[in-house]
Amino acid sequence: MYETKNTHKISALNVTKIRNDFPVLNQEVYGKALIYFDNAATTQKPRVVIDIINKLYSEHNSNVHRGVHYLSEQITKMYESARKKVQDYLNARYNHEIIFTSGATDSINIVAYSFGEAYVKKNDEIIISEMEHHSNIVPWQMMCKRKGAKLKVISINNKGELLLDEYKKIINSRTKLVAIVHVSNSLGTINPVKEIVAIAHKNNIPVLIDGAQAIQHGSIDVQDIDCDFYVFSGHKIYGPTGVGVLYGKERWLQEMPPYQGGGDMIERVRFERTTYDELPFKFEAGTPNYIGVIGVGAALDYLTGIGLDNIKNYEKKLLDYGTAKLTALNELKLYGTAENKTCIFSFLLNNIHPYDVGMLLDKMSIAVRTGHHCTQPLWEHYKIEGSIRASLAFYNTLEEIDSLYEALKKIQKMFK
Ligand code: PMP
């Protein structure tokens with residue numbers, strides 16, 4: 001279906017063909033072709049995902065796991081087959097290590113609550129980093145407050161890389177869990193998660209990886225990383241909103257208590273005592289977003305059809321080209337210059353307020369995000385309030401980067 005040969009050429013990915021798969025991209029905004037550079041906030045959906053959602057509601061809708069009738073059995077099969085697709089995508093050892101949630105935020109909250117209940121006591125410590133999304137800060141703060149535990153934070157250098165020596169120093173016998181972002185949504189930094197996990201495991205400490213910005217840029221192997229938990233959202237990986245994944249090693253998920261009670265997560269309910277179902281259902285109380293889950297499965301099929309290496313190689317070209325172009329602009333300050341990063345460009349232009357730049361880019365049909373990007377503590381490190389963020393995906397083009405460059409030059413002139 002897709003030309004996946006010759007990964008050294010941009011045409012290996014056939015961007016024109018790919019762009020036709022995404023109806024949203026094929027429109028004009030203020031009379032000019034839309035340039036969508038807000039992919040870290042959410043990605044656009046290929047037609048196969050949109051079509052399957054339509055088809056499921058039109059032809060197959062029925063609740064999962066509950067009926068003996070045809071529709072329910074069919075949709076249950078599709079739901080469980082999506083679980084297998086996620087298992088394969090992450091290379092998880094067992095199918096029941098994949099829990100469907102409402103998103104990365106939900107997945108982290110489940111672990112923060114459930115792991116906290118099982119293992120965290122007064123004066124214990126949880127390690128996070130300075131570059132975390134609020135979703136990987138606030139749930140831990142809430143858990144620490146509940147349990148009387150403390151939050152420890154690994155700092156970063158000015159390039160936006162974690163200080164691993166500092167991490168090694170703060171890890172100690174009171175540390176109960178390490179929770180780190182795989183790829184920073186504000187800087188694009190790809191963290192050395194395998195090394196981070198190895199250091200924690202030497203001290204018998206489990207690690208949660210927030211993969212919300214990593215999963216869409218290349219293949220992920222949770223057994224190779226050896227992380228204990230890995231989370232992501234469907235909508236950042238070209239799938240539907242309102243659905244996400246929590247991968248957890250069987251050992252932890254078996255021991256941890258359920259987060260929510262309700263239908264589907266029980267074995268037997270009596271007023272005196274309830275026993276819980278096996279994994280993964282123990283953590284999937286209530287009617288799940290089964291249509292969304294199947295949509296995520298379709299998105300994963302779509303990505304693997306294109307080839308994850310092709311995506312990675314092409315996005316690296318976008319990153320290199322974009323970095324060269326943007327840094328050629330006088331008085332553009334780029335934040336996030338790690339050696340290893342994805343194609344996210346966070347920057348300030350002269351001393352123009354990011355909001356003004358964002359508004360003007362919008363009028364030139366370029367969609368970027370401005371503000372703190374849910375990483376307020378990170379911006380404190382740089383002593384700024386936030387940035388203008390252009391986050392690219394494999395359907396973006398070098399020509400679109402040229403347009404951004406020209407638009408920024410125009411804005412600079414306007415403010416002179
Ligand atoms: N972590 C990171 C790094 C993110 O970028 C995001 C979304 N911006 C989240 C967590 C939370 O994802 P969601 O809002 O889909 O739950």
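Predicted model: local features only at pLDDT ≥ 70, side-chain atom pairs only at ≥ 80, totals over all residues.
In which sense do strand 14 and strand 17 (residues 387-391) pair, and over how many bridges? The pairing of strand 14 with strand 17 is antiparallel and comprises four bridges. Within this pairing, display Ile344, which stands opposite Ser391 of strand 17.

Now show the side chains of strand 14 itself, residues 344-349. In a regular strand, side chains alternate between the two faces of the sheet. On one side of strand 14 lie Ile344, Ser346 and Leu348, and on the other Phe345, Phe347 and Leu349; both faces are covered, with these residues all buried. Because six of its six residues are buried, strand 14 is largely enclosed by the rest of the structure.

Move on to helix 11 (residues 308-327) and helix 14 (residues 398-414), whose axes come within 10 Å of each other and cross at roughly 20°. Because angles under 35 degrees count as roughly parallel, helix 11 is roughly parallel to helix 14. The crossing of these two helices is right-handed.

Finally, select the residues at this contact. From helix 11, take Tyr314, Lys317, Leu318, Tyr321, Gly322, Lys325 and Leu326; they meet Leu398, Ile401, Asp402, Leu404, Tyr405 and Leu408 of helix 14. Coloured by residue class, the contact of helix 11 with helix 14 shows nine nonpolar residues, one polar and three charged.

Notes
Residues numbered from 1 in each chain as written. Heavy atoms only, no water. Buried < 20%, exposed > 50% of the residue type's maximum accessible area, 1.4 Å probe, protein only. Pairing = 2+ DSSP bridges. Axes fitted to C-alpha atoms, helices over the stretch in contact; angles between N-to-C directions. Parallel < 35°, antiparallel > 145°, perpendicular 65-115°, else oblique. Left-handed = near helix turned anticlockwise from the far one by under 90°. Contact = heavy atoms within 4.5 Å. Nonpolar A, V, L, I, M, F, W, Y, C, P; charged D, E, K, R; others polar.
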